[in-house]
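Subject: Structure for you to look through

Hi,

Here is the structure I said I would pass on. Please open it and keep it beside you as you read my notes.

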Amino acid sequence: MSEDLFINEIFLSIQGESTYAGEPCAFVRLGRCDLRCRWCDTEYAFHEGVAMSIPEIEAVVQAYPTDLVEITGGEPLLQDNVHLLVERLIQDGKKVLIETGGHRDISGVHSDSTLIYDVKCPDSGMSHRNCWANIPLLREQDEVKFVIASREDYEWAKGKIKEHGLSSRHSVLLSPVWNSLAPKDLAEWILDDGLRVRMQVQIHKILWGSSARGV
Ligand code: SF4
């Protein structure tokens with residue numbers, strides 16, 4: 001069986017999101033996605049990429065001076081071989097984060113990996129694709145992210161956080177859509193409501209600009 005993966009890009013950057021924000025991190029971006037979020041900032045990953053074997057990917061990642069690796073996309077859980085890659089990277093001593101859109105089955109993910117589980121809010125146009133059956137499968141180390149484009153998205157996310165008791169079990173991340181919602185507005189809503197969440201802004205975009213790739 002081929003162990004290749006369709007890879008869009010691999011690069012070293014500063015982790016811009018999650019509780020690992022600010023840390024040097026190797027990113028492995030897998031190509032293809034079966035969602036079409038309105039505010040997607042990685043549309044180039046839908047079709048662009050090359051086939052790489054797992055040893056080739058490991059070799060690139062090993063050359064970077066960090067033990068933190070994020071597997072992202074696109075949608076990484078679309079490719080079954082991602083699980084083999086995660087296993088190998090963990091064997092290599094890496095801390096592995098997997099960012100997924102929250103609509104794919106997560107029951108097969110490695111027990112030592114950490115999911116950054118992206119729940120799609122209504123303004124993304126993809127909230128009908130959220131797989132709520134995944135929520136009880138999330139492990140303590142998994143982080144739940146909501147990307148917020150409007151007050152309506154915020155109220156929706158607030159309701160889902162409460163309905164599923166997410167703040168008591170996970171780090172919950174709220175992130176404003178770049179150039180769509182002012183970070184200050186989101187900050188004030190969170191403070192007004194006393195939400196137990198972690199607000200985040202995309203550090204990599206502040207550092208290198210919103211259209212830069214490979215950073
Ligand atoms: S899931 Fe991610 S890669 Fe796919 S369309 Fe949405 S933002 Fe873009």
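Arg32 lies in the loop between strands E2 and E3 (50–52). Helices (H or I, at least four residues) and strands (E, at least two) are DSSP runs, numbered from the N terminus. This is a predicted model: local features need pLDDT of at least 70, side-chain atom pairs count only at pLDDT 80 or more, and totals for chains, interfaces and linings use all residues. Residues are numbered from 1 along each chain as its sequence is written.

Backbone first. Phi of Arg32 is near 80°, a positive value in a residue other than glycine. Ser18 also has a positive phi, near 75°. Ser18 sits in the loop between E1 (5–14) and E2 (24–30). Most residues other than glycine have a negative phi, and most peptide bonds are trans. The bond from Gly73 to Gly74 is cis, with omega near 10°. Gly74 is in the loop between E4 (68–72) and H2 (82–91).

Are these two residues buried or exposed? A residue is buried if 20 or more other C-beta atoms lie within 10 Å of its own, exposed if 12 or fewer, and partly exposed in between; C-beta atoms are placed from the backbone. Ser18 counts as buried because it has 21 such neighbours. Arg32 has 17, so it counts as partly exposed.

Now the core. A nonpolar core is a set of buried Ala, Val, Leu, Ile, Met, Phe, Trp, Tyr and Cys residues joined through C-beta atoms within 7 Å. The largest one has 42 residues, and Val28, Val69, Ile71, Ile148 and Leu174 touch the most other members. E2 gives the largest share, 5 residues. A second, separate core of 5 residues includes Cys33, Leu35, Cys37 and Ala45.

Next, strand E7 (residues 143–148). Why is E7 largely enclosed by the rest of the structure? Because 6 of its 6 residues are buried. Glu143, Lys145 and Val147 point one way from E7, and Val144, Phe146 and Ile148 the other way. Strands pair if DSSP finds at least two bridges between them. E6 (residues 114–119) runs parallel to E7, with 4 bridges. Val119 stands opposite Phe146. E7 and E8 (residues 171–176) also pair in the parallel sense, over 6 bridges. Glu143 stands opposite Ser171.

Best wishes
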